[in-house]
Amino acid sequence: MNLNVIELTKTLIEMRSVSQDSNGPISDYLQAILEEMGCEIERLEYTDPNGELKVNVIGRLGAGTGGLAFCSHSDTVPGQEVDWPAFEPEIKDSKLYGRGSCDMKGPLAATIVAASQIDPKKLKKPIYILITADEEIGLLGAKHVTEKSEMLKKDRPMYGVIAEPTEMIPVYAHKGGAGATVTSHGVAAHSSTDKGISANFKLARFMAEMADLRDLSMRDPIYQDDEFDPPTNGFNMVMSDFDTAGNVTAPKAVCRVGFRTMPKAANEELLDLICKAAEKYELEFNGRMADPLYVSTDSPLVGAAVAALDGRKPETVSYGTDGIYLKNMIPQMVVLGPGSIGVAHTIEEHIPLSELEQAVTVYRSMIQQLCM
Ligand SMILES: [Zn+2]
């Protein structure tokens, strides 16, 4: 098969696949390419909370066990088409512009093109191309894959590359996420009667403690990890009383508290402090915890990436990826892709053509080192 990474990226940009809509059409197109390459296919469909059909596609090439999975998502953030022609790819100054060019249709195209340049008969271990839906709206597709994929359950890939844009710097760790949704119930009444119970006042005492916890997180190194920049955990809080009128006691208020988990930070302890505070004020709460992504820099996976990049030093980043779920199926993962996260989600989203082509070479070299 003769695939060109720039042409394939352009085609994928033209196939609008904003997370709010179905990614059915682009998934059909990608699946057809993977089938033509000789991949065994697993197609995992679900209906999202808005009733849209969502599709995850996994292609597996070559025999054997273990192997290397390239992981991407096919959805994008909205195009903001009022401000630029988001879905009309354009090359200017050796860069390809368009929604999804770097996040992450370009990187996805590079993984497919790299795999297509390998003779599957020469593979001792398989290559996987894993394409998820809904990464941009809560990693729903990746979660679905970890719950439903028979292909990955039967035989787990040993290594994974999350092809999100890192400017081709191998990333061996990113932060995870933890927190709690806390709900306060009151009784609505006109404030003139003084008969209501405001959910907001019940929540306010809890929120004051969260403000102190945020200060503690910023101050106390046990909640930090100096392998990251920043080493702090991004402790945050948002709340809503659902636009209750000023002369009514709020019947319900919800507060979401969250922070980013890191390998060396006291994540469990901090989540416990949040939940204990909610308990103390008799509020309803739901805690959640997702571990960070972390692979030792001694791993053969990191070694293969560094070798393919002529010794480029691996780093850490603070944003999350589908890896938060996929690491449950794939024990060792790095994030490595062309393009810059700094222009993702903007009206200037682009990818340098040279990096797009470099990515194909680097991914192909990693396949050769780890699967052949
Ligand atoms: Zn992305």
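L139 is buried, with 24 other C-beta atoms within 10 Å. A residue counts as buried if 20 or more other C-beta atoms lie within 10 Å of its own, as exposed if 12 or fewer do, and as partly exposed in between, with C-beta atoms placed from the backbone. This is a predicted model: local features need pLDDT of at least 70, side-chain atom pairs count only at pLDDT 80 or more, and totals for chains, interfaces and linings use all residues. Residues are numbered from 1 along each chain as its sequence is written.

L139 sits in the loop between strand 6 (127–132) and helix 4 (140–148). Helices (H or I, at least four residues) and strands (E, at least two) are DSSP runs, numbered from the N terminus. The phi of L139 is near 60 degrees, a positive value in a residue other than glycine. Most residues other than glycine have a negative phi, and most peptide bonds are trans.

Is D243 buried or exposed? D243 is exposed, with 6 other C-beta atoms within 10 Å.

Two peptide bonds call for a look. A cis bond joins D103 and M104, with omega about -10 degrees. M104 is found in helix 3. The bond from D229 to P230 is cis too, with omega near 0 degrees. P230 lies in the loop between helix 6 (199–219) and strand 10 (236–240).

## Two domains

The protein is divided into domain 1 (5–174 + 292–371) and domain 2 (177–290). These bounds come from an automatic or database domain assignment. The centres of the two domains, taken over C-alpha atoms, are 34 Å apart.

Domain 1 gives seven residues to the contact, and domain 2 gives nine. Two residues are in contact if their C-beta atoms, placed from the backbone, lie within 7 Å. On the side of domain 1 that touches domain 2, four residues are nonpolar, three are polar and none is charged. Here Ala, Val, Leu, Ile, Met, Phe, Trp, Tyr, Cys and Pro count as nonpolar, Asp, Glu, Lys and Arg as charged, and the others, Gly among them, as polar.

## The nonpolar cores

In soluble globular proteins, nonpolar side chains tend to be buried together. In this model, the largest nonpolar core has 77 residues. A nonpolar core is a set of buried Ala, Val, Leu, Ile, Met, Phe, Trp, Tyr and Cys residues joined through C-beta atoms within 7 Å. Which residues have the most contacts inside the largest core? They are A110, V334 and M366.

Leaving aside neighbours within four places in sequence, A110 is in contact with V5, A163, P338, L356, A359, V360 and Y363. Another core lies apart from the largest one. It has 23 residues, among them A178, A180, F206 and L271.

## A covered strand

Strand 3 (residues 68–73) is mostly covered: six of its six residues are buried. Both faces are covered. L68, F70 and S72 are buried on one side, and A69, C71 and H73 on the other.

Strand 3 runs parallel to strand 6, joined by six bridges. Two strands pair if DSSP finds at least two bridges between them. The bridge partner of L68 in strand 6 is I127. Strand 3 also pairs in the parallel sense with strand 7 (residues 159–162), over four bridges. There, C71 stands opposite I162.

An open sheet of three strands has the order 4-5-16, with antiparallel pairing. Its edge strands, strand 4 (90–92) and strand 16 (350–352), each pair on one side only. The twist averages 25 degrees from one strand to the next. Three bridges join strand 4 to strand 5 (residues 95–97), and E90 has Y97 as its bridge partner in strand 5. Helix 3 (residues 101–116) packs on this sheet and touches strand 5 and strand 16. The direction of helix 3 makes about 50 degrees with that of strand 16. Axes are lines fitted to C-alpha atoms, for helices over the stretch in contact, and angles run from 0 to 180 degrees between N-to-C directions.

Elsewhere, strand 1 (residues 40–47) and strand 2 (residues 53–61) run antiparallel, joined by eight bridges. T47 has L53 as its bridge partner in strand 2. The two strands form a hairpin with five residues between them. In the turn, G51 has a positive phi of about 85 degrees.
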